[in-house]
Amino acid sequence: MARRKTPHARVLLGLGLVSLLALGSALSFYNTARLAMAEGDPYRMEQQLRRFQAATSNLPADAPVGYLSEVPSTEAAGRIRFLIARYALAPALLVPYDKQQPTRFVIGEFAHSGDAQRFAADNKFLPVRVYEQGLVLFERLEH
Amino acid sequence: MASLCAPGWTPRWLSWTLYSGLGFGFGVGAAAILHLLLLLATGASPRVMFAFQGVALSLLAGKFFISRAQPPAPAPPSSRWNLLPAMMLVFGLLFALSGLAASALTAPHGGPDAWGNWNLRARYLAGPGESWRHALSELLVEASPGAPLLFPSYIASVWRASGSISTTLPAVTGEIFYFAILLTLLSSIAVLRGLSHGLLAGLLWIASPAMLAGTGLPEVDIALAYYMLAAIAAATLSLALGHRGAAAVAGVMASFAAFTKDEGMVFAALLLAVFFTFQTREVRQWLWLAAAAFPGLLVAGCFKAFLAPAGGALPRLADPLAWSRAVSAERIEALWEGLAGGLMNSGQRLTHPLLLLALLALLLRFSVPGQLRAGLRFGACVWAAQAAAFLIACLLHHQQGLVELRSEAGRLIVQLWPGFLLLMFLSFGKIGDSVGE
């Protein structure tokens with residue numbers, strides 16, 4: 001016949017303490033998350049998605065689309081800009097613009113409209129759509 | 001499937017926590033694989049996906065009524081000192097889930113690894129026409145087009161069935177995986193060691209939410225942690241109780257781990273190999289595990305062989321250059337720093353989960369019943385081998401810089417923490433130890 005040993009008071013006190021500390025840990029995590037909420041998303045992804053929204057319907061879903069911006073993709077800031085644009089424009093497959101193997105469509109981010117015109121003239125592209133905040137869609141003239 | 005593992009424990013809610021914990025993971029894995037197969041065969045129209053979700057819900061409802069008719073099995077040993085941890089668990093869970101929800105609302109698209117890779121691939125899979133093939137494109141620079149697709153495929157299947165792209169779905173799915181880990185951990189430990197241990201393990205799990213959300217890792221790491229925990233827990237149940245059904249559940253969960261991430265493939269191979277060494281006399285149980293793992297492993301293997309572009313961690317093992325560069329003091333130091341830093345940052349001073357675990361070890365000591373020894377040795381072997389394989393794979397990835405190497409260590413902690421908690425609580429002594437049997 002099994003007889004249950006009453007746990008030592010020290011053990012019960014310890015278990016109570018562990019339970020309270022665990023609750024404290026969960027509470028502290030909740031407070032940290034609430035504070036982070038005030039700062040918001042560091043990548044401001046919702047705004048980025050809204051910015052690219054208009055372009056999504058004009059891009060082909062079955063072929064790669066080139067991407068270029070003033071910040072080269074070799075730099076960390078340029079790389080992040082490219083990755084954000086790629087996510088926002090999915091299901092279009094965005095690839096960094098390659099002069100040697102240009103895609104039919106290219107989407108560019110420019111701070112100055114003159115830069116977009118210069119790119120189009122130098123690389124035989126036609127700007128087919130100009131969206132807000134320096135976003136331009138180009139189509140290759142010969143294909 | 002999950003009911004194979006627990007044939008109606010009493011109290012009845014214990015059966016339901018185990019059913020729900022394992023059933024959720026099974027449902028996600030099955031839906032993800034089916035969605036990918038339908039994409040390959042028919043293009044997975046929203047109508048087909050909606051019909052599939054309907055069938056799955058009907059089966060779940062059917063299972064609910066069948067299990068209500070089953071007589072309950074003997075109760076696991078329990079203690080009457082459970083009220084305090086149970087109450088703390090409920091309150092703590094509310095705080096943890098609210099914190100995770102706040103994180104999801106702050107950044108609904110997740111961190112760069114989530115939107116730059118996993119959620120991006122889910123968007124491709126849910127896209128029109130043949131755009132789902134972009135998820136496997138070699139042109140997907142700075143993403144992992146060769147990585148398995150369970151998580152993105154599940155997200156895409158829900159998006160297709162609902163007909164709209166909900167940005168919070170990946171984060172919500174991650175939270176449900178977090179909750180499923182709690183249910184699986186609590187109920188499997190309660191079945192094997194009693195309710196007190198299960199509740200305390202649950203408390204330790206909710207005491208470490210920073211391990212998940214604080215690291216900024218994508219939800220797929222939580223999913224992998226869940227599948228690895230479920231496989232080890234079911235295999236341990238099988239070894240301890242002689243359950244063939246539990247062995248089958250372990251096989252299925254290991255195969256889903258293999259289709260979640262590359263690390264999961266290594267885990268599935270390790271689990272099969274280690275289980276075989278522990279089952280040399282009773283091979284039938286291993287055959288159940290292997291047979292149940294076979295369909296999922298076949299899909300994962302075919303995916304790697306025929307769909308995914310070449311690359312990944314496995315080919316690096318055969319590269320002598322990788323081995324020579326791996327053994328550099330600088331890289332080993334960076335990995336160590338990442339591990340130590342990840343562990344230190346996973347909690348705060350007095351409430352750090354490692355400190356709480358140490359306190360419990362002091363209070364309860366270690367005492368493993370004979371029936372559990374084989375299962376515990378098995379779990380420890382798989383866990384340690386998986387940790388070693390992960391660290392070697394990190395070192396061999398010589399294209400990664402030291403910063404990336406440090407962050408990889410954080411990933412290891414998240415993936416292995418639930419399994420570590422399971423093994424620790426199975427080896428702790430009992431609270432009100434019974435004597436004079």
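Biologist: Let me start with a loop. Where in chain A is Arg44(A) found?

Modeller: Arg44(A) sits in the loop between α1 and α2 of chain A. Keep in mind that this is a predicted model.

Biologist: Which other residue has a positive phi although it is not a glycine?

Modeller: Gln133(A) does, with a phi of about 55°. Its place is the loop between β5 (125-130) and β6 of chain A. Is it buried or exposed? Exposed: the relative accessibility of Gln133(A) is 58%, and the cut-off for that word is over 50%.

Biologist: Let me stay with the backbone. Which residues does a cis peptide bond join?

Modeller: Look at Ala90(A) and Pro91(A), where omega is about 15°. Pro91(A) belongs to the loop between α3 and β3 of chain A.

Biologist: How many bridges join β2 of chain A to β4(A), and do they run parallel or antiparallel?

Modeller: β2(A), residues 64-69, is joined to β4(A) by 4 bridges, and the two run parallel. To find this pairing in the viewer, pick Leu68(A), whose bridge partner in β4(A) is Gly108(A).

Biologist: And how many bridges join β4(A) to β6(A)?

Modeller: There are 5 bridges between β4(A) and β6(A), residues 135-140, and these strands run antiparallel. Here Ile107(A) stands opposite Leu137(A) in β6(A).

Biologist: How should I read the salt bridges?

Modeller: The general idea is that side chains of opposite charge can pair when their charged atoms come close. In this structure there are 11 salt bridges over all chains. One of them joins the side chains of Arg81(A) and Glu109(A), at 3.8 Å from N to O. Arg81(A) lies in helix α3 and Glu109(A) in strand β4 of chain A, so this pair ties together parts that are 28 residues apart in sequence.

Biologist: Are these two partners buried or partly exposed?

Modeller: One of each. Arg81(A) is partly exposed at 29% relative accessible area, whereas Glu109(A) is buried at 3%.

Biologist: What about chain B? How far apart are the closest N and O atoms of Arg411(B) and Asp113(B)?

Modeller: They are 3.1 Å apart in this salt bridge. The pair links distant parts of the chain, 298 residues apart: Arg411(B) is in helix α17 (residues 402-427) and Asp113(B) in helix α4 (residues 112-125) of chain B. Arg411(B) counts as buried, at 9% relative accessibility, while Asp113(B) is partly exposed at 27%.

Another chain B salt bridge joins Glu130(B) and Arg133(B), with the closest N and O atoms 2.8 Å apart. Glu130(B) is partly exposed at 49% relative accessibility, and Arg133(B) is partly exposed at 41%. Salt bridges that share partners also build one network, from Asp113(B), Asp221(B), Lys261(B), Glu263(B), Glu408(B) and Arg411(B).

Biologist: Last topic, the interface. How is its size usually given?

Modeller: The size of an interface is often given as the accessible area lost when the parts come together. Here chain A and chain B bury about 4900 Å² between them, with 72% of it on carbon and sulfur atoms. The count of salt bridges between chain A and chain B is 0, but the rule finds 8 residue pairs in polar contact across this interface.

Biologist: Which element supplies the largest share of the side of chain A that touches chain B?

Modeller: α1(A) does, with 23 residues. By class, that side of chain A has 35 nonpolar, 8 polar and 9 charged residues. In terms of contacts, 52 residues of chain A meet 62 residues of chain B.

Terms used:
Residues are numbered from 1 along each chain as its sequence is written. Chains are lettered from A and ligands numbered from 1 in the order in which they are written. This is a predicted model: local features need pLDDT of at least 70, side-chain atom pairs count only at pLDDT 80 or more; totals for chains, interfaces and linings use all residues. Side-chain values use heavy atoms; hydrogens and water are left out. Contact means heavy atoms within 4.5 Å. Buried area is the accessible area (1.4 Å probe) that two parts lose on being put together, summed over both. A salt bridge is a side-chain nitrogen of Lys or Arg within 4 Å of a carboxyl oxygen of Asp or Glu. A polar contact is a pair of N or O atoms within 3.5 Å; within protein, one must be able to donate a hydrogen and the other to accept it, and residues adjacent in sequence count only if both atoms are side-chain atoms. Ala, Val, Leu, Ile, Met, Phe, Trp, Tyr, Cys and Pro count as nonpolar, Asp, Glu, Lys and Arg as charged, and the others, Gly among them, as polar. Two strands pair if DSSP finds at least two bridges between them. Buried means under 20% relative accessible area, exposed over 50%, partly exposed in between (1.4 Å probe, protein chains only).
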